[in-house]
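Have a look at it first, and then follow the tour below.

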Amino acid sequence: MKVTVVGAGAVGASCAEYIAIKDFASEVVLLDIKEGYAEGKAMDLMQTASLNSFDTKITGVTNDYSKTAGSDICVITSGIPRKPGMTREELIGINAGIVKTVSSSLIEHSPNTIIIVVSNPMDTMTYLVHQSTNLPKNRIIGMGGALDSARFKYRLAEALEAPISDVDGMVIGGHSDTGMVPLTSHATRNSVKVSEFLSEERLEQVAADTKVGGATLTKLLGTSAWYAPGAAVSGLVQAIACDQKKIYPCSTLLEGEYGLNDICIGVPVILGKNGIEKIVDIPLSEAEKAHMQSSAEGVRKTNGLLNVEA
């Protein structure tokens with residue numbers, strides 16, 4: 001199992017670290033355009049191998065896609081990160097060109113790969129990979145919902161004053177501050193609906209805090225977060241690599257599911273060796289349906305800024 005991570009910045013390096021520590025891949029290739037940067041990150045990470053007891057080989061390369069050849073899974077984290085006050089949508093001009101070039105280069109050397117898109121605006125970047133490549137839809141996955149759901153569960157556990165292992169919840173919709181749809185009606189504490197423990201007002205606050213989870217961290221850190229995004233990516237990679245058949249909310253191309261067409265947006269999917277094995281249809285409340293439609297409109301608006309022919 002060979003995994004390539006493009007972009008050796010904070011998110012990419014964190015992703016590579018978590019994949020290596022889980023020890024399910026034989027090799028992780030870390031690629032960056034900055035001379036020596038990926039090589040340095042890879043060396044630093046490899047020097048933790050004996051300390052963290054993993055045998056995964058981490059290789060760093062500078063813009064040499066031939067070293068990524070034969071990758072089973074490729075993760076695209078490259079692009080500029082958010083700064084305080086920026087929306088994910090504002091990154092589209094620069095990141096679209098980067099993602100298009102990177103995905104083309106990866107597929108040239110690994111035609112059978114599965115691509116996971118992390119670069120923002122993530123849903124639109126996932127759609128761009130669909131539009132600019134010939135990969136089947138099951139092999140193009142946008143990572144947003146897994147991270148948003150982790151942030152949702154963190155806020156739920158906080159509100160419940162419960163251990164996070166007791167809490168389950170999911171966020172679907174667009175990966176944006178306004179587009180996320182935290183499914184409070186489906187959230188549970190050890191199989192009991194959280195509405196049994198929390199007032200509607202408190203649940204609304206949890207949902208609101210979840211939506212601005214990334215912006216909150218960007219304001220505190222001065223740049224995008226990296227630990228949770230890296231861990232979220234590693235979870236998707238492991239689910240595919242180990243054929244776990246786990247359910248994650250991921251951005252995928254919809255063709256009628258959830259009443260939407262020709263759009264990449266977060267919905268529950270089953271992940272296995274073929275990438276997206278199945279889109280899972282779950283019942284939504286009328287409010288959640290309305291939020292999902294509104295979220296889709298926002299994603300379409302951002303998609304409209306793409307020049308796919310460029």
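Strand β4 (residues 73-76) sends the side chains of Ile 73 and Val 75 one way and those of Cys 74 and Ile 76 the other way, and all are buried. In a regular strand, side chains alternate between the two faces of the sheet. Buried here means under 20% relative accessible area, exposed means over 50%, and partly exposed is in between, with a 1.4 Å probe and protein chains only. Strands (E, at least two residues) and helices (H or I, at least four) are DSSP runs, numbered from the N terminus.

Before going further, please note that this is a predicted model, in which local features need pLDDT of at least 70 and side-chain atom pairs count only at pLDDT 80 or more, while totals for chains, interfaces and linings use all residues. Residues are numbered from 1 along each chain as its sequence is written, and side-chain values use heavy atoms, leaving out hydrogens and water.

**Strands and their partners**

Two strands pair if DSSP finds at least two bridges between them. Strand β4 pairs in the parallel sense with β1 (residues 2-6) over 4 bridges, and 4 bridges also join β4 to β5, again running parallel. Elsewhere, β7, β10 and β11 form an open sheet in that order, with antiparallel pairing. β7 (167-168) and β11 (192-193) stand at its edges with a single partner strand each, so one side of each has no neighbour in the sheet. Between β10 (residues 188-189) and β11 there are 2 bridges. Some bridge partners are listed here.

| Residue | Bridge partner | Strand of the partner |
|---|---|---|
| Thr 4 | Cys 74 | β4 |
| Ile 73 | Ile 114 | β5 |
| Thr 188 | Lys 193 | β11 |

**Annotated residues**

UniProt positions follow the numbering used here, feature names are shortened, and annotations may be inferred rather than shown by experiment. In an unreviewed entry, UniProt gives the feature "binding site" to residues including Gly 7, Ala 8, Asp 32, Asn 95 and Asn 120. Another "binding site" annotation from an unreviewed UniProt entry lists Arg 82, Arg 88, Asn 120 and Arg 151.

Asp 32 lies in strand β2 (residues 27-32) and is buried, at 14% relative accessibility. Which backbone nitrogen lies 2.7 Å from a polar atom of the Asp 32 side chain? That nitrogen belongs to Ala 8.

Asn 95 sits in helix α4 (residues 92-109) and is buried, with 1% relative accessibility. Contact means heavy atoms within 4.5 Å. Leaving aside neighbours within four places in sequence, Asn 95 is in contact with Gly 79, Ile 80, Asn 120 and Met 125.

Asn 120 is found in the loop between β5 (114-117) and α5 (122-132), and is buried at 16% relative accessible area. The peptide bond from Asn 120 to Pro 121 is cis, with omega near -5°.

Thr 126 belongs to helix α5. Is Thr 126 buried or exposed? Thr 126 is buried, because its relative accessibility is 0%.

Asp 23 is not a glycine, yet has a positive phi of about 60°. Asp 23 lies in the loop between α1 (10-22) and β2, and is partly exposed at 34% relative accessibility. Tyr 258 also has a positive phi, near 55°. Tyr 258 sits in the loop between β12 (246-255) and β13 (261-272) and is buried, at 13% relative accessibility.

Note on methods:
Polar contact = N/O pair within 3.5 Å; in protein donor to acceptor, adjacent residues only side chain to side chain.
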